[in-house]
Structure formats: structure tokens, C-alpha cells
Amino acid sequence: MHSTATPATPATPAARAVTATHCPYCALQCGMGLTAGPGGGVEVVERAAFPVNRGALCGKGRTAPALLSSRVRLTEPLVRSRATGKLAPTTWEDALDRIAEELTRVRTEHGADACGVFGGGGLTNEKAYLLGKFARVVLGTSQIDYNGRFCMSSAAAAGQRAFGLDRGLPFPLEDIPRTGCVILVGSNLAETMPPALRYLTELRENGGTLIVVDPRRTRTAEQADLHLAPRPGTDLALALGLLYLVVAEGRTDEEFIEGRTSGWEEARAAAMAHWPEHVERITGVPVPQLRETVRMFCDARTSMVLTARGPEQQSKGTDTVGAWINLCLATGRAGRPLSGYGCLTGQGNGQGGREHGQKADQLPGYRKLTDPAARAHVAAVWGVDPDALPGPGRSAYELLDALGGDVRTLLLMGSNPVVSAPRAAHVEERLRSLDFLAVADVVLSETAELADVVLPVTQWAEETGTVTNLEGRVLLRRRAVSAPAGVRSDLEVLHGLAARLGHGKGFPTDPEEVFEELRRASAGGPADYSGISYERLEEGEGEGVFWPCPAPEGVTEGADGSDGAEEGDGVGGGDRAEGGDVAGSGGGGGAGLVHPGSPRLFLDRFATEDGRARFVPVAHRAAAEEPDAEYPVLLTTGRVLAQYQSGAQTRRVDELNAAAPGPFVELHPRLAARLGVADGAAVAVVSRRGRAVAPARVTSSIRSDTVFMPFHWPGEGRANALTNPALDPVSRMPEFKVCAVRLEPVEGTGAGEDGGGGGARDGVRPGP
């Protein structure tokens, strides 16, 4: 496998019908076509006209049809035998009856909040919307969250604080090559979303500069003009040190600060406690590199900062991202063409998945669950009393930690926390302690192996639905093939359960019907989709529509007959590029007009009440767990090119497994020599939470005080058995990216973890 994306098979002759759709993996949502291949299979062909990837795909996208095979996926419901404790095939009616019975029993005996719901950032907008509605209307529970909390929640919280709105990128990807300088913080695009690397390559070809911040010299860092390798957990100090230098060197944009921001004096005072030599001692980044970063960033006429999981998956992730936003605001690199801050959202529908109601504190349209007006609007669409809607519940890790205690049963869709959650062995133990666990998934994941009922559901190529990529571009995935006979959609699952629990209406199985309701529910909210329809998404090359996109007045109505579209606030900025005019300001538009969507945000005003961006004063603080004599080394985690997230899908694709067959521990030659560990030898990584064993990969591309492990595998190499669940106080993001460990050479085999074992080996647990 190579770090760069490769073209898919060229478009097929007209005689072979091609369904235009999108990749099932990351938040790029690369365009692809599906057609019948030789021998009755499905073949991926390029969609060169789709602007995000322009036909290029990584190995994951190119091999995605392998998951459609019945050989690697679930094709019939499974139920755990009360006699043997093992999973065995059953009928759909029996499986749904069993789930409904257990949900009813638990609600009756322990109350609605004893029922938990856990969603995923890979669910379509329609599924995420209906899952949130199911939890709050049918179950009446506040206990719902999703695995996207583990991905981009810190960036979302920081964006809300500074700009009044969270959309990963407030500009399209096509703007990146046209800016003057990009600081890329904690992202290895070359491996995590290879087709996007071309934007950075084109940036440099156009004369722009690239600065990469990463404790490892990754394939992405190798492309940079300047690579900063800070100690893990010190990104906040780094950003503050850069802001100090901006102030000290007189590089602030006073006109922008005065005219378009608030809170500068407090943020400036906080930053001035982080002088360069102090920051070098904290981060390990030399002062000359700090000065060079400021020179490159400020000398360019336009600049951007892009962050990913590196700075975000920390117990201070919100403040860390806020510090990088402060850098943009202080230099006037926000709210202007070809400049700004952006988050590189990770999961396939990580953006849309956090907008429409599967988060603990949220209603559709990115509305706040605590806002009386928002509750009234959504309740009217749902036909319920606003007072009947539960309040905010626990965040993702806190929900998982409560399993078997206050939360007695869990319905889980599209997530594999046995591998992906922090302190994973403890989370596995909590899942085992439940009265009842139901999992809907495409494959028998490590989490599904623990379930009492497993429901086989359709996947990307077998269903139609919308997703929203990292740009805020709403896209339509189209069904290309039929699912196996024993498989149903997640919408059918929710419909069947709702009907059994006394809600025969309000849970359609047709995705377009669900989307039409989502439009009404989102109307007037921050993430307003009311001006988007399936018909519109099918137009042209299917390039999508950027939200916010309000409907013309009177087009979308709430269930109570009120106007569902409220007047826009002008934050959209329409499609104005540098030197151009505003084409649509983000307002609702006049009656009968079609809103163009909002590719570029904040060009006229920010989404705050006064239209000004807010500086937030922040100060560096240590990670929740720093190295000491017992655990003297830092661990950071991440992904590799050929695998994706918990690996539940990609580990079932032969070509991908051949390229990345298992976990490893990346460590510096000096650290390896000190331990007496040879390249390829087994090494144990031990934290206060568990132990993982994997082969050593000795390389000078990582700091000598740090080791790296990818987190895609279960078993004895399960990296998240080690990670720290310490939470960010604002976003409730766990600290995946830094914890203290020690390394031990391994003789023979075997690994132990708190909570027992290396995953769901045989899936045996007592029946309920």
C-alpha cells in the first residue's frame, strides 16, 4: 500500500450501469461509482467529476465492496441462548420481540434512564436522526450518546465557543491549495485520508508553505516545509507560545481584532505567560522553530490552521483548539477568504452525525436540548409535549462507565467500543455486566460478540441515505445492490422496535421520508437542512449542498403548521471567493428562491449574537497523567493507512490485512537500546489501566520519550486497553493521545489487562 491515493478503475462503458455513490469510510466521503463486476460481484469505478477526490481513492475505498460478501458479514439475527450462553441464529420476529421485552422490563423495573442508546459517526443522517428520536420519544431516556464524542468533540466545542457554530471546515477543501500557509496540527492525512493529501501537495506547488505539528515524522510530516515535533500533550503550550511571539513581534491585526472580535485583552494576557524559552522547555520545540513558524504563518497574505485528533483527543482538547483559533483571530486569519481555522473531521458521517440528535445534549439541527424554543420546535415536529422530552444525559465514556449500574440495558448501533473506547478492558467488563445488550451491525464485531441479540443490518452500497462530509457538504449515497435476504436496514430495526413499544407511527423505513422530517426538525437551527432535498442532491454530478441551507419562506412547515424556516443570520457567506461578491448571505432568501448553500462561512459575520468571534483566554496545563519513575514513557495512539477505526470492517478485507496485519509498538532506537529490545521483538506496553503486547518497530521518526501504537486491533495488542479516560471538562473527550506507560521486553507470549483478557474471545456470557 502507498501513502498516496490511486485512481479507481476508469469509468465503464454505458452498457454497464453505474450507480454514483460515496465511500463508506472517512469524512472525505470520496465519490465513487459502483457497477456489476465480472463473476457477479461489485466493482468500484472512478467519479472524476466529484470535486472532493476527483476520482482518486485509497485502498480502503477501492476494496470496500469486499465487505458486501456474505462470507465476512452477518446475514441472520443471533440470540444468546439462556441454556448455553452462546449466540445462535433466530428469526427477525423473535430477535425484535426479545429486545422489546427487555427494554419494557428494564423501563418498568428501573425507569427510562436505565435504558441506554449508543450510536455511531458512521450512521447516515437519517439513522442518527431517527435513533435520537427513538431514544427520547419511545424510550423516554436521556442516556444516549455516540462514538463521535471520541473523535471531534473538542474541536466542535471550541468552534462553538469562538464562532458560535461548529462546522468542521468553514470553507471547501478546494480553498486549501490557494492559501499561503497551512499549519496542520496532529493529522497524518497521508495515511488517514490519502486523497486529501493532494490539496497539500498543490498548496506547495502553488508556492504556499506547509507546517506539520506531530510528535512523529509521519508520511505527512515528510511533505512539510517545517516539521514541529512537540512532546505529546503540549500542543496547547505550543499554540500559546506562537501567539506570544505574534504579539511580541507586532504581527497582530489590530483592525480585525477591533472590528470583528471580542475578549482580546484577556486572551492576550493569558498568552503572554508563555514566553518562547518556557514553551521550548514544555514542548521540546526549539525557539528558532517557533519563530520560523510565526514568520511563515504571518508573512503569507492568507493562512489556515487545520487540526485533527492529535490536539483534540486530550483532557484539555477544547482549550488547545481554542488556542489555535486565538492565533488565527489575532492575526486576522479568520472570517476572510482563503483564511481560517478548520477541523478535519474523521468518521464517515462525523459531521452530520453530531448535528441531528444522537448526542447526549442535542436535538436535530444542532439545537441545544436545554433551549426551551428548540424543544418546542422539535416537539412540534414529533407531535409530543416539549416537557416530555428528557434532558441531557451522560457523555459517551460516562455512559459506557455507567453500564451495569444505573444503565441496565443498551441498544448499540454502528460502534465497537470493546476496541475503540479508552480503558477498553474496563468498558468490556461494563458491557458484560449489563442485564441486556442488543447490537445492530454489519459484522460480528468484538462488541457484538458480547450481545444478547445481534441484528444484521444493511451497509453503504445496500441502502440510500445522506451523509455530511468534513466540509459541511450534504451528500446522497445511493443504493447500488440488494442486501442478503436475512438483512434489514437500521431504519427497519427502529420501526420494528417502536411499533412493539407502542409507537406504530413516526418511524418510517423510507430514508427519503425520514429526511423530509429531518428537514422540518432542523429548520431554523444552526445546522439548517430545510432547503435541501433528495431531488436537489441528485442534480448535476451529485456534488452536494453545503449547510446551512434554509428553505424559502413557507416551504418547510413544522408539524404544528408554523413556519419551519426562520430568518437566516447571515453567517453563511454564500459562495464568495477572494475578490468576489457575496452570492447569498446565508439568510433565508425570499419566497420562491432557492438558497445556494453556504460553502464559506463567517465572511460577513460570525454566528454569535453580536456577530463577533470570541477570544477565549486559555493557559497551558499538564496532561492528566504525566510520566513518573514507574511509568516513564509517553504513549500516543493513532491509525495506519490500511486499517480504519476499530478495524471491525477493514480487518475482514484480505488485501488490507496483508498490508497491515497487526499492531506494533513504534519506538526510538535510543529507547529500544536502553530496554534491549530488537526490531520485531515482542514488547509489552503497560499503563495503570492495562497491558498490551505487540512487535517493536524501531525508528528514528518518533521522539525518544514517546511510543506509538495503532488502535485497530483487539486481543493482546489492544492499544486502548492502555489509554486514559480522563475527560475534557467542556467536550467530555477522553485523553486518547497521551498517557504514561512503561515498556517491558517479552519472553514467550501472553498479555493481561484489568477486567480480563484481550477481547471477546468466545463471546460466551450468561443469557439474561
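Colleague: Which residue stands opposite Ile 183 in S11?

Modeller: Strands are DSSP runs of E, at least two residues long, and helices are runs of H or I, at least four long, both numbered from the N terminus. Two strands pair if DSSP finds at least two bridges between them. In this predicted model, Ile 183 has Ile 211 of S11 opposite. Local features here need pLDDT of at least 70, side-chain atom pairs count only at pLDDT 80 or more, and totals for chains, interfaces and linings use all residues. Residues are numbered from 1 along each chain as its sequence is written, and side-chain values use heavy atoms, with hydrogens and water left out.

Colleague: Over how many bridges do strand S10 and strand S11 pair?

Modeller: Five bridges link S10 (residues 181-185) to S11 (residues 209-213), in the parallel sense. Both belong to an open sheet of five strands, in the order S12-S11-S10-S14-S15. Its edge strands, S12 (226-228) and S15 (340-343), each pair on one side only.

Colleague: Which helix lies across S10 and S11?

Modeller: Angles run from 0 to 180 degrees between N-to-C directions, with axes fitted to C-alpha atoms, for helices over the stretch in contact; contact means heavy atoms within 4.5 Å. Helix H6 (residues 197-205) lies across the two strands, at about 135 degrees to S11.

Colleague: Is Cys 549 buried or exposed?

Modeller: Buried means under 20% relative accessible area, exposed over 50%, and partly exposed in between, using a 1.4 Å probe and protein chains only. Cys 549 has 0%, so Cys 549 is buried. Its place is the loop between S23 (545-546) and S24 (613-614). Beyond its neighbours within four places in sequence, Cys 549 has contacts including Tyr 529, Arg 536 and His 595.
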